[in-house]
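Work through the exercises below with the sequence and the model side by side. Try each task before reading its solution.

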Amino acid sequence: MVLNSVSTINLVLEINGNSKLLCQLKRHLSPKTVGLISRAIPLESNAHKMGNSVIYIETAIDSGIERPRTEFKKGDIAFMPYEGSICFFFADSSNVKSMSLIGKITNNIDILKEIKSSDIISLYFETG
């Protein structure tokens, strides 16, 4: 187990109560947004697919965009402020919409390719 630090928040992304992926939110990437997300944890929502590279969950988090970008790598986690969504990239992507990079998935990224829109995604703090 890696302990949370001031700059890194360790989370678990769980799919349908079974598959678990480890994630890290990095405060220095988008300080305001990462702070809002960490205070909203735990989160649970239906999965949604965007194209052939992104799974996302909708949240009630209201944050503007920080350090906007439109290109993301496999394993990146981003926040899409227009819909308050947290996006998980399972392939490299160049998007039309700007998003804030907030972290990285650290293992089992390819599991995301198998998620269906009806699946339930939970995001919670890693406890050990």
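A disulfide is a pair of cysteine sulfur atoms within 2.5 Å. This is a predicted model, in which local features need pLDDT of at least 70, side-chain atom pairs count only at pLDDT 80 or more, and totals for chains, interfaces and linings use all residues. Residues are numbered from 1 along each chain as its sequence is written, and side-chain values use heavy atoms, with hydrogens and water left out.

**Exercise 1. Cysteines**

Task: State how many disulfides the structure holds, then decide whether Cys23 is buried or exposed.

Solution. Step one: the count of disulfides is zero. Step two: Cys23 is in no disulfide, and the nearest cysteine sulfur, that of Cys87, is 13 Å away. Cys87 is likewise in no disulfide, with the sulfur of Cys23 as its nearest, 13 Å away. Step three: apply the accessibility classes. Buried means under 20% relative accessible area, exposed over 50%, and partly exposed in between (1.4 Å probe, protein chains only). Cys23 has a relative accessible area of 2%, so it is buried. Cys87 is at 0%, so it is buried too.

**Exercise 2. Strand pairing around S10**

Task: Find the sense in which strands S1 and S10 pair, and name the bridge partner of Leu43 in S10.

Solution. Helices (H or I, at least four residues) and strands (E, at least two) are DSSP runs, numbered from the N terminus. Two strands pair if DSSP finds at least two bridges between them. Step two: S1 (residues 8-15) and S10 (residues 120-125) are antiparallel, with five bridges. Leu11 has Phe125 of S10 as its bridge partner. Step three: S3 (residues 43-46) also pairs with S10 in the antiparallel sense, over four bridges. Here Leu43 is bridged to Leu123.

Step four: look at Phe125, in S10. Its relative accessibility is 32%, so it counts as partly exposed. Phe125 and Asn10 are 115 residues apart in sequence, but their C-alpha atoms are 6.3 Å apart in space.

**Exercise 3. Backbone in the loops**

Task: Locate the cis peptide bond, and say where Arg67 lies.

Solution. Step one: the cis bond joins Ile41 and Pro42, with omega about 5 degrees. Pro42 sits in the loop between helix H1 (31-40) and S3. Step two: Arg67 is in the loop between strand S5 (54-58) and strand S6 (69-72). Arg67 is not glycine, yet its phi is positive, near 45 degrees. Arg67 has 55% relative accessibility, so it counts as exposed. Step three: Asn108 also has a positive phi, near 50 degrees. Its loop runs between strand S9 (93-105) and S10. At 42% relative accessibility, Asn108 counts as partly exposed.

**Exercise 4. The nonpolar cores**

Task: Which residues have the most contacts inside the largest nonpolar core?

Solution. Step one: a nonpolar core is a set of buried Ala, Val, Leu, Ile, Met, Phe, Trp, Tyr and Cys residues joined through side-chain atoms within 4.5 Å. Step two: the largest has 27 residues, with Ile86, Phe88 and Leu112 having the most contacts inside it. Step three: at least two core residues come from each of several elements, including H1, S5 and strand S8 (85-89). S1 gives the most, with four residues.

Step four: check Ile86. Contact means heavy atoms within 4.5 Å. Beyond its neighbours within four places in sequence, Ile86 is in contact with residues including Ile37, Leu43, Ile102 and Leu123.
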